[in-house]
Amino acid sequence: MKKLALLLCLSALTLTGNAQGLGLPDNSASKPAQAAKTNTSYSAVVTYPSHSENVYFDLGQMTTYVKKGNGERRIEKMDSLVTYQLNDNKKTYEVVSLQGITTQAKTTKKIDVKLEEAVYAGRWCIIESYKQQENDISLEGGKMSNAVSTTEFVVYTDMETGIVLREDQNGGTMMSLSHITLGTQLGLRFSIPNDYAKSGSKDMGKMVSDIKKAQDSTDPAAAMQELLKNMDQYKKK
């Protein structure tokens with residue numbers, strides 16, 4: 001479930017290093033009158049603990065484009081909650097529907113929320129610190145686990161652009177942005193090439209909804225085992 005949450009939240013990622021020279025104006029000397037309500041269009045390099053990705057987000061198209069170094073790409077349509085996973089080596093793409101996830105799988109809640117305003121990397125930011133309690137059900141590796149966990153988050157959001165510049169979890173930086181350039185992105189990046197063949201589809205929204213139902217049942221372990229018997233039900237032709 002944590003991986004799924006990361007997928008939905010890819011457009012709200014984070015920045016380390018100096019803001020100067022990254023396409024962002026240095027506003028450390030002047031504080032914005034109020035925080036931006038929406039993100040702006042931008043491109044950036046997203047760094048995770050294990051790897052980095054090139055990300056292009058366009059607000060007008062409500063689309064994020066992610067390019068990896070292994071010939072894989074991802075196009076995320078946030079207005080329709082559909083993701084296209086492209087394989088450049090095979091010239092194929094898979095359609096993944098995320099419909100229903102945000103409304104049917106709310107298994108987390110924030111507690112001990114604290115807000116402050118401060119300069120980070122030359123930018124006036126809203127820094128939100130909180131603990132998140134999560135009922136985490138996993139289906140990875142053909143095995144089911146169900147555990148309640150608490151994660152401490154610190155999120156840095158640029159007050160001028162609305163872009164989340166950094167996210168820490170339990171004291172470690174999980175995502176960061178660098179080489180940020182503001183501006184409208186090329187629409188061609190968000191299109192599937194005409195010579196790419198569709199390799200399949202998945203209904204992740206239905207799967208998450210069923211997981212949530214299993215979680216709320218009287219016997220979660222048995223309900224999850226039943227789901228594991230027929231994972232092909234979430235494939236769409």
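These legends go with a set of close-up views of one predicted protein model.

**Figure 1. The whole chain, before we zoom in.** Let's start with the overall picture: the protein chain carries four helices and 13 strands. Of its 237 residues, 43% are buried. Taking the contacts between residues at least 6 apart in sequence, 57% join residues at least 24 apart. The chain exposes about 12800 Å², and carbon and sulfur atoms supply 50% of that area.

**Figure 2. The largest nonpolar core and a second, separate one.** The largest nonpolar core has 16 residues, and those with the most contacts inside it are Tyr42, Leu165, Leu177 and Ile180. Several strands contribute to this core: strand S1 (42–47), strand S2 (52–58), strand S8 (123–138) and strand S11 each supply at least two of its residues.

**Figure 3. Two tilted tyrosine pairs.** The structure holds five aromatic pairs, and this view picks out two of them. Tyr56 and Tyr65 form a tilted pair, with 5.6 Å from centre to centre and 40° between the planes. Both Tyr56 and Tyr65 are buried. Tyr120 and Tyr156 also make a tilted pair, here with 4.7 Å between the ring centres and 40° between the planes. This pair links distant parts of the chain, since Tyr120 belongs to strand S7 (residues 108–120) and Tyr156 to strand S9 (residues 145–158), 36 residues apart. Tyr120 counts as buried because its relative accessibility is 13%, and Tyr156 is buried too, with a relative accessible area of 13%.

**Figure 4. Lysines over aromatic rings.** If you enjoy looking at charges placed over rings, here are two examples. The charged end of Lys31 sits over the ring of Trp124, at 5.3 Å from the ring centre. In the other example, the charged end of Lys110 sits over the ring of Tyr130, and the distance to the ring centre is 4.3 Å.

Figure 5. Ser201 is found in strand S12 (residues 197–203). Is Ser201 buried or exposed? With a relative accessible area of 8%, Ser201 falls under the 20% cut-off and is therefore buried. The side chain of Ser201 is joined to that of Lys198 by a polar contact of 3.3 Å.

**Figure 6. Positive phi at Lys91.** In the loop between strand S5 (82–87) and strand S6 (92–97) you will find Lys91. Its backbone is worth a look: phi of Lys91 is near 55°, a positive value in a residue other than glycine. Lys91 has a relative accessible area of 41%, so this residue is partly exposed.

**Figure 7. Positive phi at Asn170.** Asn170 has its place in the loop between strand S10 (164–169) and strand S11 (172–182). What is the phi of Asn170? The angle is near 50°, which is again a positive value in a residue other than glycine. Asn170 is exposed because its relative accessible area, 53%, is over the 50% cut-off.

Note on methods
Residues are numbered from 1 along each chain as its sequence is written. This is a predicted model: local features need pLDDT of at least 70, side-chain atom pairs count only at pLDDT 80 or more; totals for chains, interfaces and linings use all residues. Side-chain values use heavy atoms; hydrogens and water are left out. Buried means under 20% relative accessible area, exposed over 50%, partly exposed in between (1.4 Å probe, protein chains only). Contact means heavy atoms within 4.5 Å. Accessible areas come from the Shrake-Rupley method with a 1.4 Å probe; for residues, only the protein chains shown count as cover. Rings of Phe, Tyr and Trp (its six-membered ring) pair if their centres lie within 6.5 Å; planes under 30 degrees apart count as stacked, over 60 as edge-to-face and the rest as tilted. A charge sits over a ring if NZ of Lys or CZ of Arg is within 6 Å of the ring centre and within 35 degrees of the ring normal. A polar contact is a pair of N or O atoms within 3.5 Å; within protein, one must be able to donate a hydrogen and the other to accept it, and residues adjacent in sequence count only if both atoms are side-chain atoms. A nonpolar core is a set of buried Ala, Val, Leu, Ile, Met, Phe, Trp, Tyr and Cys residues joined through side-chain atoms within 4.5 Å.
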